[in-house]
Amino acid sequence: MLLRLLATSLLILMVLAGCVGYLMIAPPSGGPRTVTIPPDVGPDEIAVLLADARIIATPAAYSIAANLMKRSPKPGRYVFSAGVYPWVAVRILSKGPPPELELTVTVPEGKRLEEIATILDAAGITNEREFLRGARDRAFIRELIGSDQDSLEGYLFPDTYKFKPNSDVLSVIRRMHQRFTEQSSGLANPRLSMHEFVTLASIVEREARVPQERPRIAAVYLNRLRIGMKLDADPTVRYAVNKWDTTPVLYVDLESRSPYNTYRVPGLPPGPICSPGRASLDAVAHPLESRELFFVAQGDGSHIFSESFRDHLAHVAAVRRTAAREAHERR
């Protein structure tokens, strides 16, 4: 009887030792890894998921730990910085997944699609190339805005957003367009279609350096459109010849045959040249009442406006004299 009791105790000890040994199997090596635990799955299925993701060494180890510890896993997405012991995995899964990280990103006003794509890529939100592919997918654009055009340039609102890392590209685009829809709701100009409205707002966005001048600049362009005068808008030339920085616009640039060159092509360009903010949309919806047709930029970014070409030429000459004098004084 005593021998049988000793044998049984020895067997139990051996089983426990084996279990402990299983629980202490060294975790797999390597860096961060991710696993998603679906709802309503048992310990054996979870064990396989964890082993496949190289979070634990063997499925059996997790099953033993789960049965011994009597803890229920919570479904969700888990990120492990490295492999863990089976009992550690049981404990982590029983606590539930942490709130998923969200990244904050700011898209400033006046950015082109290419620049937005770069900003989102640098923030770890979407791949630059995939974003541009989605924003230029004609079928997706037709579904999103009901219009047959080749780009969502101008229709993704510049704002501060929170996105999860490696977000679905089309979901990001939808959200940015939804924000545009919210911000442009109720804004319109009776002389323009919606596409023309956004296009002109994008030009105002790039032209204005002093916020208060936006409605006045919008009025000048609307007055030019009304009488059939070319817009002669430098920002459209920059878009046409890809001089989006502060590189001076040259006379040769004004000869570009791009449909976006408003020095050669009458009327508005085919579409927006950037993403306008709310203030520029407001400016086109509520332009200043004026008969001004001309403006010239000064060194501080503000403009001198005039109704006649004669006055405009005088203002241009005055701005050039001031610039020459300041350059001479800096020497």
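Mentor: A salt bridge is counted when a side-chain nitrogen of Lys or Arg lies within 4 Å of a carboxyl oxygen of Asp or Glu. The model is predicted, so local features need pLDDT of at least 70 and side-chain atom pairs count only at pLDDT 80 or more, while totals for chains, interfaces and linings use all residues. Residues are numbered from 1 along each chain as its sequence is written, and side-chain values use heavy atoms, with hydrogens and water left out.

Trainee: How many salt bridges does the rule give here?

Mentor: Side chains of opposite charge can pair when their charged atoms come close. In this model the count comes to 14 salt bridges. One of them joins Asp-148 to Arg-142, with the closest N and O atoms 3.6 Å apart.

Trainee: Is Asp-148 buried or exposed?

Mentor: Buried means under 20% relative accessible area, exposed over 50%, and partly exposed in between, with a 1.4 Å probe and protein chains only. Asp-148 counts as exposed because its relative accessibility is 55%, whereas Arg-142, at 43%, counts as partly exposed.

Trainee: Which residue forms a salt bridge with Lys-243, and where do the two lie?

Mentor: The partner of Lys-243 is Asp-253, and their closest N and O atoms are 2.8 Å apart. Both residues lie in the loop between helix H11 (234-241) and helix H12 (278-285), so the pair ties together parts that are 10 residues apart in sequence. Here helices (H or I, at least four residues) are DSSP runs, numbered from the N terminus. Lys-243 and Asp-253 are both buried.
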